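Hi there,

Here is the structure I promised to pass on to you.

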Amino acid sequence: TSDEIVLARVDTDAAPEIGERFDIDGHPIFKWFPEGETEPENFYYVHYSGRMGNTLLKMLHERVEGFTKILPPPRDYVYKLKHEEYEGYVSDKTKNVLVYLYSPWSDRQDIKLAMDKVGKAFDDVESVQLAKLAIETVKERDIADGVQLKDYPGFILYPADGEWVRYTGDFGDPQGMIDLINKKAGTSVSLDGMGGAGLVKEMEPFVARAVKAVTDELITEATEAAGALEGAQAENAKQYVKVMERIAQKGAGYVEAEIGRLGGLLAKASVSPEKRKLFMLRTSILNSFKEAAAGGSAGDGEL
């Protein structure tokens, strides 16, 4: 099983005796030590700069009985636009769209990695979308000309409620892109997925009231407001209602105690990505209750 597998790495520059003992003549290289053995078996795993994780896992499947883990398919956070759909896509006033315009010969790996990080950060925010347009023909060049972009690559943000703006920061810096989107879209997302994750603007008035007292009437109204939302916003809003219900059941100390409990769970390396994401979302919402209580008059609030 996975509990029986230990992954370790050695810097053979810092420990040359290890490199000499195991005939390490190139980097990176992998060695497989069966349970109870001090000499490695043949393990010809070749590492390329691509998605080779499942190849490695398959080799472990063959060596460890009961081990069957595989990696899920890579998630594509950036929609590839065609010139004929560009205008309709970026003019959707329910979305804030960051578009990467590039020529195929000027595409950069650091930009791809940065956009992937931005996409992960905004994964739960339906109002923010990432897209890209390859400048290959005069039709795409006309689009670039329309936003005064003469040199490629470049980024244009189309806010839902305003005119387009150009991103002028470091193209390989995901935090710079996130900062621009937050400013124009009114979001509060951070690169680590914690800041503002899952917050729902429509639920803020109920949080403010919960500081004073959590009543049955408040919970009913909050439940109705959550039911009027859609998609991820609706699911996140339900988390607010759950917090109010727990406060009513367990008292004022619930918020602080639950933040501490979730912090302990997040510190565990064994937490799955899906659970980690949920725990961060719940922590963010709980923190909104904590901050609302801290902003109220001392001694007046229930929290």
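Predicted model: local features only at pLDDT ≥ 70, side-chain atom pairs only at ≥ 80, totals over all residues.

Let me start with helix α9 (residues 231-250) and helix α11 (residues 273-295). Their axes are 10 Å apart and the two helices pack at an angle of about 60°. That makes α9 oblique to α11, since an angle counts as roughly perpendicular only from 65 to 115 degrees. The crossing of α9 over α11 is right-handed.

Which residues make this contact? From α9 come Asn236, Gln239, Tyr240, Val243, Met244 and Ile247, and they meet Leu278, Leu281, Arg282, Ile285, Leu286, Ser288 and Phe289 of α11. Sorted by class, the contact has nine nonpolar, three polar and one charged residues.

Asparagine 236 may be worth a click while you are there. This α9 residue has a relative accessibility of 6%, so asparagine 236 counts as buried, the cut-off being under 20%. Leaving aside residues up to four places away in sequence, asparagine 236 touches Leu281 and Ile285, as well as Gly198 and Val200.

Next comes helix α7 (residues 204-212), where Phe206, Val207, Ala210 and Val211 are buried. Viewed down the axis of α7, the buried residues fall within an arc of 150°, so they line one face of the helix. In general, an α-helix has 3.6 residues a turn, so residues three or four places apart point the same way.

- The peptide bond from tyrosine 152 to proline 153 is cis, and its omega is near 5°. Proline 153 sits in the loop between α5 (138-146) and β4 (154-158).
- Glutamine 148 belongs to the loop between α5 and β4. Its phi is positive, about 60°, although glutamine 148 is not a glycine. With 56% relative accessibility, glutamine 148 counts as exposed.
- Aspartate 23, in the loop between α1 (16-21) and α2 (53-61), is a residue other than glycine with a positive phi, near 55°. Its relative accessibility is 61%, and aspartate 23 therefore counts as exposed.

Happy to talk any of this through once you have had a look.

Best wishes

Definitions and conventions: Residues numbered from 1 in each chain as written. Heavy atoms only, no water. Axes fitted to C-alpha atoms, helices over the stretch in contact; angles between N-to-C directions. Helix = DSSP H or I, 4+ residues; strand = E, 2+ residues; numbered from the N terminus. Parallel < 35°, antiparallel > 145°, perpendicular 65-115°, else oblique. Left-handed = near helix turned anticlockwise from the far one by under 90°. Contact = heavy atoms within 4.5 Å. Nonpolar A, V, L, I, M, F, W, Y, C, P; charged D, E, K, R; others polar. Buried < 20%, exposed > 50% of the residue type's maximum accessible area, 1.4 Å probe, protein only. Arc of directions from axis to C-beta.
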